Each structure stands twice: as structure tokens, then as C-alpha cells.
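Please keep the sequence and the model at hand while reading.

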Amino acid sequence: MKKLFVFILFISFQLPFLFAQQISPKDDNVMKVLAIGNSFSEDGIENYLYDLAKAAGKKMVIGNLYIGGAPIELHLKNAHNNLKAYSYRKVGEDGIKKTTDKVSIEEALADDNWDYISLQQASPLSGKYNVVMRGLPDLWTYVFAHMNPDSKMVYHQTWAYQQDSKHEGFKNYAGQQLVMYDSIMNVTSQIAKTGDYEFVVPAGTAIQNARTSSIGDHMTRDGYHLNLDYGRFTAAATWYAKLFNLDPRKNKYKPEKITDIQAKIAKESAWKAVKKPFKITKVKK
């Protein structure tokens, strides 16, 4: 009797996970993406991405497992210990964001039939190949073992800091924006070649492209986090282009608080980054 009770208890805990795993992401006609990230994934996908998808007639669900400043090794520790350490922000099909505290990676992976799951490094370390690879393969292995068999993993390329940034981590790159950018490109281009990821989201190159425009080196709000309006919109347009394989320049959506020219710069910067993900392309606006 005791063994039967334990078996029933096990099944009751595992049933939601098993059910989610049985439904292929290909079968529901909804794009679903989950980021295991930090404030840079917040900047990239929590704002404007849903609106871009909606404007294109696409259904979308967005999840972000958030811990501010979290590096890969912290995600790995949380994974191996199944810690309920995350603020889980989820934008549903209705566009409404709901936040649930104390969620584990395993719980979020089982929460929906995700099309894509995104990994990334904390921004100060994102251009340090040896540091990234110290934990990334093991985190990939953990996620692969717990995700839907039809899900795909992607890697989020973060951006270099503003040239006058006071972030302590900028010292890793001698306080030079282009040194940081080139370092991130070196890391992400090598990651892209492994074949472990469906694609790299070139948000870092999109932001750098936008810096060649009339906006200049004003893409962040504090030297490293993106400007709440055109900065975040640039990153969202890059995600949109990669997820749906669509040209954001043909999408009519524009946030209310940004100008027409800022919207054009954001979309152009994103599209050029998709075409050349590891190289800066000038934006003439």
C-alpha cells in the first residue's frame, strides 16, 4: 500500500510536466519563447516584442526567468539544486504580463510547450569566452534534458556598454565600447558554430548598429540597460526578426513614446544585425 501511495504521489507531481512535454510546440500555432536570463532579457523580450508579433497577426507567449545580473554559473547552480529562485514573468496570448515569484527553471520549462528557450551570460562576462564556456555547456545539457523534445535553444547576444558607462564590469574591456563589442562578437560567433543553438539573437549588433545613426551613443538609460523606449524597441525588433523570420521594417507597429525616425532606426538596425550578426553596419538616419 505504501509503495502504491508513493507511486500515485510521484505521478501527481509529474503529470503537469508530462502533459506539457507531450504537446509539440509545432501544433498550437503560437510562438512561445522562454528566456533564462536577467535584466538584459527583460530589456530584450518583455517589452514591445508581443506588440510587434500582434501587429503581424502572430500569436505569442513570452516567458522570462529573471534574476537581476544573473550569470550562467548562478543559473547552473539553481538548476542543479532545483531552486525556486526566479521571478517568472509571463506575457500570455492576451498580452497581459503576470509575475510569479519563487519559480524554478524546471517548473518554468514544464509550464508551457516552448518553441524556443534562450540562454545568455551576464553582461560583464558576456565577452569572456573561457568564463562563458565554464558553465554554458552544462546549463545547455540540463535544459535539453528537461525541455520539450521539439523545443529549440537559442543564445541571446548582449550589447556593449555606453562609452561613458560607470559599470564596474566595463573594466573587463578596458572601459572601451568597441573592445567589449568585439569580445562579445568573438564569443557569440563561436557559440553559433557549435550547432547547439538554432540561432543567435544579435541584439548586441543591433544596438551597435543603432549607435552609428543620429541617435548616437545614447541607446542606454544608465550606461548599460537599454533606453526604455527606442533602445528596448531595437532589441525587440531583433528578436521579432529572428523568431518569425520577418523583416521588422515592414511591421507597422511603433511604440507611442518614440518618433517615426527612432522607429525606423530601430527596425533598420535590427534587420541589418540579422543580415550581419557579428559585424557593425552603419545606419544612415
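Two strands are said to pair if DSSP finds at least two bridges between them, and helices (H or I, at least four residues) and strands (E, at least two) are DSSP runs, numbered from the N terminus. This is a predicted model, in which local features need pLDDT of at least 70 and side-chain atom pairs count only at pLDDT 80 or more, while totals for chains, interfaces and linings use all residues. Residues are numbered from 1 along each chain as its sequence is written, and side-chain values use heavy atoms, with hydrogens and water left out.

An open sheet of mixed pairing is built from seven strands in the order β4-β3-β2-β1-β5-β6-β7. Because β4 (97-103) and β7 (200-201) stand at the edges with a single partner strand each, one side of each has no neighbour in the sheet.

Strand β1 runs parallel to β2 (residues 60-66), to which seven bridges join it, and pairs, also in the parallel sense, with β5 (residues 116-119) over four bridges. Leucine 34 stands opposite glycine 63 in β2 and opposite isoleucine 117 in β5, whereas lysine 32 has valine 61 of β2 as its bridge partner.

In a regular strand the side chains alternate between the two faces of the sheet. In β1, Met31, Val33, Ala35 and Gly37 on one side and Lys32, Leu34 and Ile36 on the other are all buried, where buried means under 20% relative accessible area with a 1.4 Å probe, protein chains only. Seven of the seven residues of β1 (residues 31-37) are buried, so this strand is largely enclosed by the rest of the structure.

Histidine 146, found in helix α6 (residues 129-146), counts as buried at 18% relative accessibility. The side chain of histidine 146 reaches the backbone oxygen of tyrosine 142 at 2.8 Å.

Technical notes: Buried < 20%, exposed > 50% of the residue type's maximum accessible area, 1.4 Å probe, protein only. Polar contact = N/O pair within 3.5 Å; in protein donor to acceptor, adjacent residues only side chain to side chain.
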